[in-house]
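Hi,

Here is the structure I promised to pass on. Have a look at it first, then read my notes on the aromatic rings below.

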Amino acid sequence: MTPQENIVPMNTDRNILDTTVGIRYNIDVIVLDTEGNELRRERVHNILTTAGKNWIRDRINGNEADALTHFAGGTGTTAVAVGDTAMETETFRAAWTSFTDSAAQTVYQYLLPAGSNNGTTFTEGGSFDAASGGTLFNHFLYTAIAKTSSIQILFQVTLTIAEA
């Protein structure tokens, strides 16, 4: 074999970056009493929807996309799927209570206060980029929570970007 046979032609269309990046979403559903004391915590699996993946792609490519601005809660119980574009039974949608950026991570929080949506049994949640309609970024189910005036529910969505 001559030295020339070991040379691999360079593909100028190929990205030189060889790092594989993964995006992980963790969802914590936390039931609090009216004083803020934790009564129950559940970490749940969620689906990053196809539309959510496309949203990330568009942001990376520099295409203008709306930020994730809203959380929605609902009463649906059908298994979530990557092709979901809406929640099964959306009951409310509201702007995130807070979000915090740190190194390679954003934590979104929505606090459903004691005085809201009492009498509803919540089972599903999702993140959106609009107050109505918009893109369903992620979708998840959790153990039913019967909302009363004696509890608050904190939904915490942690987005982490790391090498896969």
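This is a predicted model: local features need pLDDT of at least 70, side-chain atom pairs count only at pLDDT 80 or more; totals for chains, interfaces and linings use all residues.

Residues are numbered from 1 along each chain as its sequence is written, and side-chain values use heavy atoms, with hydrogens and water left out.

Now the ring pairs. There are twelve aromatic pairs in the structure (Phe, Tyr and Trp rings, the six-membered one for Trp, with centres within 6.5 Å; planes under 30 degrees apart are stacked, over 60 edge-to-face, the rest tilted). One of them is Phe71 with Phe140, a tilted pair at 6.3 Å centre to centre and 35 degrees between the planes. Phe71 sits in strand β4 (residues 70-74) and Phe140 in strand β9 (residues 136-146), so this contact ties together parts 69 residues apart in sequence. Strands here are DSSP runs of E, at least two residues, numbered from the N terminus. Both Phe71 and Phe140 are buried.

Phe92 and Tyr110 are also tilted, at 5.5 Å centre to centre and 35 degrees between the planes. That pair links strand β5 (residues 90-95) to strand β7 (residues 105-112), 18 residues apart.

Ring pairs join Phe71, Phe92, Tyr110 and Phe140 into a cluster whose members also include Trp96 and Phe155.

Cheers

Definitions and conventions
Helices (H or I, at least four residues) and strands (E, at least two) are DSSP runs, numbered from the N terminus. Buried means under 20% relative accessible area, exposed over 50%, partly exposed in between (1.4 Å probe, protein chains only).
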